[in-house]
Amino acid sequence: MSNRDYMHNQTHEEKARDHIDEMLRDAGWDVQSSQEIDLYGSLGQAVREYQTDSGPADYVLFVDGNPIGVIEAKRPKEGQKITVHELQTQKYAIAKLRWFQNNEPLPFLYESTGEITRFTDQRDPKPRSREVFSFHRPETLRQFIRQGQSLRQRLQALPELNTRNLRDCQVEAIANLDQSLKQGKPRALIQMATGSGKTFTAITTMYRLLKYANAQRILFLVDTKNLGEQAEQEMMTYTPNDDNRKFTELYRVQRLTSPYIAKDSHVCISTIQRMYSILKGEELDETAEEMNPAELKTKPKEPMPVVYNPKVPLEFFDFIFIDECHRSIYNVWQQVLDYFDGFLIGLTATPDNRTYGFFEKNVVSEYDHEKAIADGVNVGNEVFLIETKITKDGARIKSTEPLLKREKLTRKKRWEQSDEEVNYTGKQLDRDVVNPDQIRTVIRTFKDRLPDLFPGREEVPKTLFFAKDDSHADDIIQTVRKEFNEGNEFCKKVTYRSEEDPKSILAQFRNGYHPRIAVTVDMIATGTDVKPLECLVFMRDVKSLNYFEQMKGRGTRTLDKDALVKVTPSAKSGKTHYVIVDAVGVTKSRKTSSQPLITKPSVVFKDLAMGVMMGAADADTVSSLVGRLSRLNSQLEEGDRQKIAKATGGVELTTIMRGFVDAINPDNVERYAQEHLGVAADQELDQKTYAQAQGALVKEAVKANRWNGKLIDLLTNIRREKEQIIDDQNLDQVTKAEWDADAQTNAQVLREEFEVYLRENQDEIEALSIFFGEPYRRREVTFSMVSELLDRLRSDRPKLAPIRVWRAYQLLDEVEGKSPTEELTALVSLVRRVCGADQKITNYGDVVRRNFQNWVLRRHAGAGEKFNEEQMAWLRMMRDHVVSSFHFEIDDLEMSPFDGEGGLGKMYQLFGAEMNDLIEELNTVLSA
């Protein structure tokens, strides 16, 4: 009988045993029969049908000659009730083994069908079986034995958290995660708002697990290279509470950039794409790490298959922290996580239903954006709408005038005579048609309204523009520089593909005065901290709710005044909020909770091409790609073909297309399955095996034809529409430039919260006690009293920054005078309004000047002595001092500007014995 006939005639039980044998050998076990036992020929033996006093066990596991585990093997159909067989496994585990005297109960128990395997560690506090990808290696079980206690037992000894330098939300997340781990829950979700310190929380937990639970190795999993680099930087700067050394001095941190993983690494940082390639033993195109896989509209239809890798066994990581876990871990990539026998801990600010489901609703921290704002951990936003006629309705280009066209890539322009009119919609702007005046109108309106958006600022706040594509970004950059009358350093592009080093530009944007404005296309800004950022300008729409929340998250970071003024010198306080300037209706457009299913015709070429490179191998996707390549091939010029040949090492586009077509040819797929997957010639392929064979052929075609990120970029650039229409006929006009209606609601909430705070604290803060309880004593309010009030306000309610509250009143009430530029002046103006001293909000400087003018007029209207010009000049100096210091004292005469004019002696010379009475009268009159 041939081997193939034998396999064909096997029972289900025999097939399951063969599969289990193969799994054991892959994991480093020497599979032996009970008649041919050699316990010292290798480290670990799996002996089949080993006799016990309870009957023969399917497998007994030996390490260093000692029995340590048992496997109960079942046929695949038993998978639905595999937990029922745990009692049988336990019976063998406590049985007496033949040829052994008084053996101890075996600690490691497995039940397996060859397709499903469950594992129980009897040393755990409450032993509970869990599904594992395969069997643990002999050296791993030996290490488990030598450690004495199991990991879950060691977790019970985690000490109480040292809360020094931790925010309340971080303390809650870590403490709750501790409890989850102690209860042995395999998955936990940490939801923390952007900017509240998710990564810091994760590193603090990692430190505790490594130090107190003796964790062997931890994986910090990300989905883009950028996030991995940022996590590595945070680990390099992290110092624990109980040690002066950096985290990276205490434990080895390795960010994976190749297939090599150091055996002595304690923390590995990796993209999920790279970890998949490592498990598969394949090379990874670096461009695959730059893009978040969740953003690809073309994805593999089937899960990315993972096979056992002895270099990275399933027990390699004890804990896996998954950053931005709402994005890329589901469906096709989930098998990477299912492979490892470790605790899964998700980190996200924006979970959706899939996230909650994946983490089994075990949410150990629910700290959303609203809570973060209330605690002063995040800042909120206000929305300012800019709408123009062409943005909303598009326009018509008449056929009577020549049509201006521009090549997207080279920017070369040409004129042509058109026979028909061109009508375009707002959605076509900056893709098919560019209207320079539409871009100019939006940017000019933004510039003109900056004094309303950020009162008292002498420079443009740090601002990030979101553009539709590179061409649109370039148009925005050029227009911004012209409209603001600034040079190149004022406005720059922030993108992975900018000619200038993107990390350098980000560092400048974050820490330097220039650039004031950055423009981004490919969302490098997501997950990147630029704390001084105070304004986001949307010139592109976004349909994904999570994506939009992530984009808004760039503005939520808090920053104190000292740090903010380093990059924005005219800031009068710390960062209190950020402004969204909506120029495309992004805050009003309908959002979806997850990526929609998109049919192939509407998928852009680059997404289709990258999807195939990343593993999409279904016939629809591959044939769609071949169709796009075929159309492109017919349009190629000789120079284009030379570029392609150079990128592929001489492989022509027709050869690449043929390779993909052959890969999805059914005959080739069947032949591959028979030659490589052990399928009999007369056996019909099931769907799973067919997909596996076709996936392997597509992958071979990808490798053979150098189908990588560089080639895809080249083809994308060649394939781009050669030209855009430039509409220089239609001028745009603003139809709306105003705060969003929600801003009115937010202003109302802010005003009410401010008024409640003042009234609740009027008995505790001296300045408030005077204003509310003893208004006749307002003349006694000093600079130090007002400063104390401002300090308390900043500490208790950071978002109630006086200038921000002033603008809230400005949106709701009639305001008198210019907006104040100083926090203290704004605060006194607001307190006077709330306590009733002023009937409408009025700049305190204007109040003092008006009171001064009325006082002088009364003095001069009577029959008494009038002030001469020299006296009036001195009195005006006293008035201006009260505007900024709220009170005048005799000692102030020895300070600027009075000391330069003669000080106390000069005032006595001018006013004589009336001097003290005059100071008292002025304090009373000016503060009325």
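This is a predicted model: local features need pLDDT of at least 70, side-chain atom pairs count only at pLDDT 80 or more; totals for chains, interfaces and linings use all residues.
## Aromatic pairs

Phe108 counts as buried because its relative accessibility is 0%, which lies under the 20% cut-off.

When rings are paired if their centres lie within 6.5 Å, the count comes to 31 aromatic pairs. Phe108 and Phe144 provide one example, with ring centres 6.0 Å apart and planes at 55 degrees, so the pair is tilted, given that edge-to-face requires an angle over 60 degrees and stacked one under 30. This pair links distant parts of the chain, for Phe108 belongs to strand S5 (residues 108-112) and Phe144 to helix H4 (residues 138-147), the two being 36 residues apart.

An edge-to-face arrangement is found for Tyr238 and Phe247, whose rings lie 6.1 Å centre to centre with 85 degrees between the planes, and both Tyr238 and Phe247 are buried. Elsewhere, ring pairs join Phe133, Tyr308, Phe316, Phe317, Tyr339 and Phe340 into a cluster.

## Charges over rings

The charged end of Lys91 is placed over the ring of Tyr92, at 5.2 Å from its centre, while Arg187 lies over the face of Phe358, at 4.1 Å from the ring centre.

## Nonpolar cores

The largest nonpolar core contains 89 residues, and those with the most contacts inside it are Phe446, Phe465, Phe754 and Leu875. Helix H34 (residues 869-885) gives the most to this core, contributing seven residues. If neighbours within four places in sequence are set aside, Phe446 is in contact with Ile386, Leu453, Thr463, Phe465, Phe484, Ile517, Cys535, Val537 and Val581.

Another core, of 87 residues, lies apart from the largest one and has among its members Cys268, Leu314, Phe359 and Leu714.

## The buried face of helix H35

Helix H35 (residues 903-911) has Gly903, Lys906, Met907, Leu910 and Phe911 as buried residues. Viewed down the axis of H35, its buried residues fall within an arc of 110 degrees, so they line one face of the helix. An α-helix has 3.6 residues a turn, and therefore residues three or four places apart point the same way.

The cover over the buried residues of H35 includes H34 and helix H36 (915-926). Just after H35, Gly912 adopts a positive phi of about 60 degrees.

Definitions and conventions: Residues are numbered from 1 along each chain as its sequence is written. Side-chain values use heavy atoms; hydrogens and water are left out. Helices (H or I, at least four residues) and strands (E, at least two) are DSSP runs, numbered from the N terminus. Buried means under 20% relative accessible area, exposed over 50%, partly exposed in between (1.4 Å probe, protein chains only). A charge sits over a ring if NZ of Lys or CZ of Arg is within 6 Å of the ring centre and within 35 degrees of the ring normal. A nonpolar core is a set of buried Ala, Val, Leu, Ile, Met, Phe, Trp, Tyr and Cys residues joined through side-chain atoms within 4.5 Å. Contact means heavy atoms within 4.5 Å. The arc is that of the directions from the helix axis to the C-beta atoms.
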